[in-house]
Amino acid sequence: MRVAGQRTSSGLFAAAAAVFFAALAVCTPSAQAAELKISLSELARILNVTLKSPKVRLHNVPAGMFDLTPGSSLSIGGGTIPLAVPARSFDVAGGSYGYYVSELNSQSVTISAVPSALRVTVVFESEGPEVVGRCVSGFCVPNSALPELEWIAPTVQIDLTPVWVNGKLSLDAKRVDVGGTFAAECEGGGFVSGSICRLALPKAKKVASSLKIDLAAELKKLINGPQAQAQIADGLRPFLRFGPVGEVRFSKVAVDSQNVTITFCLACQAE
C-alpha cells in the first residue's frame, strides 16, 4: 500500500465524542445537582457497541472532469462525515509536487481504556491502491517518474480525555501516535524516468523520515485547537439534555487512571 502525508479532521473525534457523552447522559441520575463516576473501561465497552463498526476512508487524489470517486470520510451510525486530507508536498528542480492517497480504507476502528484516557485505534488495510504523485506547480516531470511513498502496517492511535471548557464538555488529545513505517523508493522505469526519480528521491526520503512525527503533531494540534474544541463541545449539546429540565451544565471534570468523574447540575442558572 502506498500513502501520502495526511491529517484527519475533527469529524472523527466529534462523532465519537457525541456517542461517548450520550452514553454518559443515559447513566446520569435525574437531579438538580449530582456527580457521576464511570470507569473508562465501561465507557470503552459502550462505545465499541454503539459505534457499530465505523469506517474511515482516505482519498484525496484531485478529481478529473468525470471522476465521481468519493473523497475522504468517516462513516458512523448510518451517516457520513467528510474529512479534510491535504497532500504532503516537496520542491525539486523548479517544480512542486504532492503525494495523494488513493482509496485507503480502514480495516477496523476500536476504542479501549488506557490510563486516564480512551484510546481510538484505526487500523488501515494492508493492501490497496498506491498513492500517486502529482505536479502542484512549476516546471514538473511526468507523474510516473516520482518516487513511491509506502506506508507499511498503517495505524493511528489517539488518546482522548474529557475536559471542562466554559461549562461545556469537550475532548482533549493527550497523545497521538502514527504507527507503521514510511519509506520512499524508485521502482522500475526507463533510463529517463529512473534518473528523474533518483534525483527526486532524497527529497521524498526527507518527507518520509519526518512524516510520522509531523502527522502526530498536526493531528494533536488540530484536535486541541479552539475550532475543533468548539465543534466537539457544540456537537455534544443535543445529547446532554433531559426533557423539560433542559441542558446539563458542567462545573468540573476529573479523570484519574481508571475513572471519569463529572460534576453537573440540571435546570440550573448559568453563571
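These legends describe a set of close-up views of one predicted protein model.

**Figure 1. Overview and confidence of the predicted model.**
Residues are numbered from 1 along each chain as its sequence is written. In this predicted model local features need pLDDT of at least 70, side-chain atom pairs count only at pLDDT 80 or more, and totals for chains, interfaces and linings use all residues, while side-chain values use heavy atoms, with hydrogens and water left out. pLDDT is the predictor's confidence in each residue, from 0 to 100. Its mean for the protein is 74. A value of 70 or more is reached by 71% of the residues. The protein has four helices and 13 strands. Helices (H or I, at least four residues) and strands (E, at least two) are DSSP runs, numbered from the N terminus. Confidence is lowest in helix H1 (residues 11-27), with a mean of 54. It is highest in strand E8 (residues 117-124), at 90. Over residues 1-10, pLDDT stays under 50. For that stretch the model has 56 contacts beyond four places in sequence; contact means heavy atoms within 4.5 Å.

**Figure 2. Burial and surface of the whole protein.**
Of the 271 residues in the protein, 46% are buried. Buried means under 20% relative accessible area, exposed over 50%, and partly exposed in between (1.4 Å probe, protein chains only). The protein exposes about 13200 Å². Carbon and sulfur atoms supply 55% of that area. Accessible areas come from the Shrake-Rupley method with a 1.4 Å probe; for residues, only the protein chains shown count as cover. Among contacts with a separation of 6 or more, 71% join residues 24 or more positions apart.

**Figure 3. The largest nonpolar core, with Phe-124.**
This core has 52 residues. A nonpolar core is a set of buried Ala, Val, Leu, Ile, Met, Phe, Trp, Tyr and Cys residues joined through side-chain atoms within 4.5 Å. Val-56 and Phe-124 have the most contacts inside the core. Helix H3 gives the largest share of the core, ten residues. Leaving out residues up to four places away in sequence, Phe-124 touches Val-56, Leu-58, Leu-104, Asn-105, Ser-106, Gln-107, Trp-151, Pro-154 and Val-156.

**Figure 4. Ala-200 on helix H3.**
Ala-200 is found in helix H3 (residues 191-224). Its relative accessibility is 4%, so Ala-200 counts as buried. Beyond four places in sequence, Ala-200 touches Phe-90, Val-92 and Pro-147. Tyr-97 is 103 residues from Ala-200 in sequence. The C-alpha atoms of Ala-200 and Tyr-97 are 10.0 Å apart.

**Figure 5. The three-stranded open sheet.**
The strand order is E5-E6-E9, and the pairing is antiparallel. Strand E5 (88-92) and strand E9 (132-138) stand at the edges. Each has a single partner strand, so one side of each is left without a neighbour in the sheet. The twist averages 30° from one strand to the next. Axes are lines fitted to C-alpha atoms, for helices over the stretch in contact, and angles run from 0 to 180 degrees between N-to-C directions. E5 and strand E6 (residues 95-100) pair over five bridges. Two strands pair if DSSP finds at least two bridges between them. The bridge partner of Arg-88 is Tyr-99 in E6.

**Figure 6. The loop residue Val-61.**
Val-61 lies in the loop between strand E2 (55-58) and strand E3 (73-76). Its relative accessible area is 16%, so Val-61 is buried. Neighbours within four places aside, Val-61 contacts Tyr-100, Val-101, Ser-102, Val-132 and Arg-134. Gly-98 is 37 residues from Val-61 along the chain, with 9.8 Å between their C-alpha atoms.

**Figure 7. Strand E10 and its partners.**
Strand E10 (residues 148-165) pairs with E8 in the antiparallel sense over six bridges. Here Val-120 has Ile-158 of E10 as its bridge partner. E10 also pairs with strand E11 (residues 168-185), antiparallel, over 16 bridges. In E11, Lys-168 is the bridge partner of Val-165.

**Figure 8. Two non-glycine residues with positive phi.**
Ser-116 has a phi near 70°. Ser-116 sits in the loop between strand E7 (104-114) and E8. At 19% relative accessibility, Ser-116 is buried. Ala-153 has a phi of about 55°. Ala-153 is in strand E10. Its relative accessible area is 52%, so Ala-153 is exposed.
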